[in-house]
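Thanks for coming. I have one structure to take you through, and I will keep to what can be read from the coordinates.

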Amino acid sequence: MRACWRAHLRRKLCELTVPASADGQPARNPSHWVRSILAGSSMRRKPFPWHILVFLAPAVAIYTLFMIYPLIGSLLLSLQNQGPDGATVFVGLQNYLTLFTSKTWSEPFWNAFWNNVEFFLYHMLIQNPVGLLLALLLASRIRGGWLYRTLIFTPTILSVVIVGFAWRLILNPAWGVSQGILDAVGLGSLNQPWLGLESTALPTLSLISVWQNIGIPMLLFLAALVRIPDELLEAARVDGAGAWTVFWRIQLPLILPTVGIVAVLTFVGNFNAFDLIYATQGALAGPNFASDILGTFFFRTFFGYQLQPGDPYMGATVAGVMLLIILTGVLIYLFAWQRRLQNIQF
Amino acid sequence: MVLSTFNCVCVSPIYILARGFKTEVKEMSKRIGLFLITAILLGFVGSALAQNKVRLTIESWRNDDLKIWQETILPAFMKKYPNIEVVFAPTAPTEYNAVLDTKLKAGTAGDLITCRPFDKSLELFNAKHLVSLNDLPGMNNFSEVARAAWSTDDGKTTFCVPMASVIHGFLYNKAIFRELNLQVPSTEAQFLQVLRRVQQSGRYIPLVMGTKDQWEAATMGYQNIGPTLWRGEVGRKGLIAGTQKYNEGGFLQAFEALAKWRPFLPRGYQALSYPDAQNLFAQGRGAIYPAGSWDIGVFRQMNPKLELGAFKPYTFETARQCVINDHPDIAIGLNAASKNKEAARTFLAWVASAEFAQLYANALPGFFPLANVQYTIADPVAQEFLSWRKQCQTSFRTAYQILSRNANPNNENDLWNASAQVLNGTFTPKQAADYVQTRLASWYGPQKGR
Amino acid sequence: MGLMERLSTRSKRTIPRPNWPVTLAIHAALLAYSALALFPVLLVVVNAFKERLAIFSAPYALPNAQTFTLEGFRTLQANANFPAYFLNSIVVTVSALFLIVLVSSMAAFALAEYRFRLNTLIGLYLAIGIMVPIRLGTVGILQLAVELNLVNTLLILILVYTAQGIPLAVFVLSAFMRQLPRDLKDAARIDGASEYRIYWLTLPLVRPAIGSVLAISMIPIWNDLWFPLILAPGERTKTVVLGASVFLGQFVNDYNAVLAALTLAIVPAVLLYFAFSQQLIRGITSGALK
């Protein structure tokens, strides 16, 4: 169908640019050819390719102005601080030094960092394997798979504000919904104020985030699984391989590129996360900063909170460190994982 | 090359995404977009040609009061001054500071700014977002103490018109007290006894409060029963001067007294937020609610049938003189970037008047105007709160003047964290007190090294 | 071949179908997870129509004649201008998507089509944005918006979202365009078509990739809370998500109003999604292009 499409387009293209000759064949224009060949060989000077500029300019302009320039501005701000008279002075890496060495800054920073790592691990160890499992289930031929796909993907399209608030209501001890569910299965005594205890706040929030975001890894894995030629699977089954062997030996190695992409997307997404914690716990990310991640730490530092005044310089510093962390993770992916992948031919 | 490998590997799954969007959808959305943009342009033109009334906007954190401002207070003003239209546009309390800061930086904040007491507003004044109101007619209706929360450190320039203070205490459900035959407590021993009796009955929550939002633990817990123990102004001024410490004397005892509330809090209180506690008490499921007087208006709205009573913070064996927390809470100032300064000043002068005091005190029971004018309050519970001013000494929240000037650590936020943790049981009172003191001493001159 | 085709041809081959216990197990697992996925949404929507006391006493019950109420929606209507918020969201999302596709396809075309010295460099420059989260530059963006006097306008949101969407869009589109056969374009060139003409004619050929870009970019823009909160929090420019968040903050102890707000924020998005889900998911899961 695509082939017909293109031929049709080709015909249309010819009709637009060249008048048809009497016998219906598109006329050829030899003088045009000769001219262009001569032009190539004798005249070395080519006209300035304005069209390239026109094509590239808008994208590069908007991108530079609204993404790169502010980012550089933020980084520059992190190299400055307020002087004794109130004016801004350049202090080099002093802010970064303060962030890592001063106890009042390094403690909350490392707390946020390790919380973020924990947040990321929950996603890597639960969201991605479960997403893979769901993708495997959907890749098998069952009726109504499209319906399941649609339903399971629904939370992903919801806004985080909604997700956070809805789950907060459900887990709210005053509303009793979670109590009711656990009572129904006889586990009522296990009910805890999950979002209010230091030990369970972050895991609970991680699971809520997993619940919301599992659709994307699921679909990416499904796309990759479906591309595996059936002949491979058929041959394996004929050879007597069980489902686990098929998965472990054939499917998984062939979708490793996707696994890598999902991992790096998860990494970037998690270390950039803010919305869910903010919507559920507020900017203080309680209890006792147990759910504080880098995003909320940055927000609180830069914008302040209640009586706490905002500190734009340290805020920009935190943003700079976040950038460094994310870039490091991505570079590790690009150079380490990619190199390993080149061994796998598909 | 790295990028080309990335191409092959990365592109295959990702760019296979969504082939399906038909051009019809795209065409239609382009058409819709054009229509929408036209509609918006027309809307702007229309509104620009509209009325020549002056429109003032009030920024505030009192989202609970939205209805009352819209239905009672602002209509009274607009009746008097028909050419000025005033809009009350609150933001959630926890977001107010951040959102206001952004709006002020960007020049999009409203004409009238509701001022938080002390440093937060002083910061705004120093950043030239607020103007001096020394010459505003009606400013002399306020005593120096009332103005202190919204003046410069030297007391010479006032930049917000004080609207009201709030008093801390306890609200209780009269019906439950009657049913369980309880007496209103006035000492700590009696208070704990009442709580024990309610708990034994098993039917109601003794003390309705959650710790998830953290601020109630500090504001309606620590700063509620604390002033009696640290002798009010003596303690507070001592902190500022460096002669008193959070982990000694009355301040430490207050954490210990707070810890005694733990067994009587609702099940799962660690995940209960402020509105949850309000809902629980309004539904009649709890006996006692540690309150700020602003809660009176909220409960009247949420459940007019609730039989509300009040008693003042209890006294202790070691501290028999009651001190209440009479905290200057809310004022209103003029945005330096306002385009309607004249109209705004008219409004501010009205706020300083007796008429506003009378209206405000009754429309918002629990907010007690600071103006030296005569006003009467209809709500009996609010009257009860107000009467404590005569029976007890007064002070206000310790962290608000000077002590929270630092970004990190911040004394007020630390008090929140410490109080919530004491109630959660993750800090002992001594640990909480040490936590707050060491962090204050790390940056505040007079406390350094203590 | 698309996912549909693949799944349907499988049945004609010799691989034995999974036996019925296995099929049953798979259905059960998927059903269970679908229930988990939908449960919070349904709970919120069902309770939005119930009276306050019924919400607390019987959260799972459907609203019946006694407990049905529209009180929350009335509060919502009186205090928050949700239709206006929707309008803002739609304007911002549609405009940003339009700009992203327009501007990125042009840049992708240039990168894929022409060999010039800075080609790889510009490609790399634009690709950096895929990995760098734009939020880290918020400080700078806010300052820029203040300088350009664009705070509290929809335009700044549109521009920021466009900048956010350009890197991935250029990447995807240029990869796609590189795989188009050159002979088509060369034929057009020889016959005198301008480069702009050729670009215009290439666009329909990359429709799948454009659809892909639209799908990836749309959801983060519609659901974003951060930039509306920071750059355009004014009443006139509130988007649906920000409006819902602010409303939730304002009426946080009014469960009816809160649930009504959540419902209004969820239901249209979900309905739209269900309407287009076939295309969306088919696009995401269809097989190799060639």
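Predicted model: local features only at pLDDT ≥ 70, side-chain atom pairs only at ≥ 80, totals over all residues.

I start with a loop in chain B: P409(B) sits in the loop that runs between strand 10 (393–395) and helix 17 (411–424) of chain B.

The side chains of R439(B) and D414(B) meet at 3.0 Å, N to O. That pair links distant parts of the chain, with R439(B) in helix 18 (residues 429–441) of chain B and D414(B) in helix 17 of chain B, 25 residues apart. Is D414(B) buried or exposed? D414(B) counts as buried, at 4% relative accessibility.

Over all chains the salt bridge count is 29. Two others in chain B deserve a look. One joins the side chains of R178(B) and E307(B), at 3.0 Å from N to O. R178(B) counts as exposed because its relative accessibility is 53%, while E307(B), at 32%, is partly exposed.

The other salt bridge is between the side chains of E188(B) and K260(B), 3.2 Å from N to O. E188(B) belongs to helix 8 of chain B and K260(B) to the loop between helix 11 (249–259) and helix 12 (274–282), so the pair ties together parts 72 residues apart in sequence. E188(B) is buried at 14% relative accessibility, and K260(B) is partly exposed at 39%.

Now the backbone of chain B as a whole. Its secondary structure comes to 18 helices and ten strands. Of its 450 residues, 60% count as buried. Chain B exposes about 17,300 Å², and carbon and sulfur atoms supply 54% of that area. Among its contacts with a separation of 6 or more, 76% are between residues 24 or more positions apart.

Next, some strand pairing in chain B. Strand 1 (residues 54–60) and strand 2 (residues 84–90) of chain B pair in the parallel sense over seven bridges. Between them the chain passes through helix 3 (residues 66–80) of chain B, and this β-α-β crossover is right-handed. Within the pairing, T57(B) stands opposite V87(B) in strand 2. Strand 1 of chain B also pairs with strand 3 (residues 112–115) of chain B, again in the parallel sense, over two bridges. There, I58(B) stands opposite L112(B).

In helix 15 (residues 354–363) of chain B, the buried residues are F356(B), A357(B), Y360(B), A361(B) and A363(B). What covers them? The cover includes helix 3, strand 4 (161–173), strand 8 (323–334), helix 14 (341–351) and strand 9 (368–369) of chain B.

N181(B) has a phi near 60°, a positive value in a residue other than glycine. N181(B) lies in the loop between helix 7 (174–179) and helix 8 (188–201) of chain B, and it is exposed at 58% relative accessibility. N149(C) has a positive phi of about 60° and is not a glycine either. Its place is the loop between helix 7 (138–147) and helix 8 (154–178) of chain C, where N149(C) is exposed at 63%.

Last, chain A and the surface. Chain A has 16 helices and two strands, and buried residues make up 53% of its 346 residues. Which residues form the nonpolar patch on the surface? They are F48(A), W50(A), L53(A), V54(A) and Y196(C), with about 540 Å² of accessible area together. Helix 3 (residues 50–78) of chain A gives the largest share of the patch, three residues. W50(A), in that helix, is exposed at 55% relative accessible area.

Definitions and conventions
Residues numbered from 1 in each chain as written. Chains lettered and ligands numbered in written order. Heavy atoms only, no water. Patch = residues over 30% accessible without salt bridge, like charges linked within 9 Å, V, L, I, M, F, W, Y side chains within 5 Å. Areas by Shrake-Rupley, 256 points an atom, 1.4 Å probe, with all protein chains shown as cover. Salt bridge = Lys/Arg side-chain N within 4 Å of Asp/Glu carboxyl O. Helix = DSSP H or I, 4+ residues; strand = E, 2+ residues; numbered from the N terminus. Buried < 20%, exposed > 50% of the residue type's maximum accessible area, 1.4 Å probe, protein only. Pairing = 2+ DSSP bridges. Right-handed = clockwise from strand over helix to strand, strands pointing away. Contact = heavy atoms within 4.5 Å.
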